[in-house]
Amino acid sequence: MNINQNIDIYNADIYLRLSKEDGDKEESDSIRNQREFILEFLKSKEDINIYAVRVDDGYSGVNFARVR
């Protein structure tokens with residue numbers, strides 16, 4: 001068995017977006033649920049490195065103006 005296998009490692013951002021159903025909460029339920037779901041999924045993905053977590057909490061998908 002060859003221990004030195006070539007494995008491609010991918011750097012990925014996690015993008016979490018507000019759901020309009022969440023209203024004015026400090027951190028929306030959808031953001032929290034998305035984060036938990038994605039992090040749990042990525043535990044088994046040794047070839048994916050989380051580079052950044054980006055959150056549009058407070059912006060809906062119909063509003064294209066974003067804070068940069």
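Modeller: Ground rule to begin with: a salt bridge is a side-chain nitrogen of Lys or Arg within 4 Å of a carboxyl oxygen of Asp or Glu. Mind that this is a predicted model, where local features need pLDDT of at least 70, side-chain atom pairs count only at pLDDT 80 or more, and totals for chains, interfaces and linings use all residues. Residues are numbered from 1 along each chain as its sequence is written, and side-chain values use heavy atoms, with hydrogens and water left out.

Biologist: How many salt bridges does that rule give?

Modeller: Lys 43 and Glu 40 form one of them, at 3.1 Å from N to O. Asp 13 and Arg 54 also pair up, at 2.4 Å. The count comes to two.

Biologist: Which strands do Asp 13 and Arg 54 sit in?

Modeller: Strands here are DSSP runs of E, at least two residues, numbered from the N terminus. The pair links distant parts of the chain, 41 residues apart. Asp 13 belongs to β1 (residues 10-17) and Arg 54 to β2 (residues 48-56).

Biologist: Is Lys 43 buried or exposed?

Modeller: Buried means under 20% relative accessible area, exposed over 50%, and partly exposed in between (1.4 Å probe, protein chains only). Lys 43 has 63%, so Lys 43 is exposed.

Biologist: What is the C-alpha to C-alpha distance between Asp 8 and Ile 48?

Modeller: Asp 8 lies in the segment before β1. In sequence, Asp 8 and Ile 48 are 40 residues apart. In space, their C-alpha atoms are separated by 8.8 Å.

Definitions and conventions: Helices (H or I, at least four residues) and strands (E, at least two) are DSSP runs, numbered from the N terminus.
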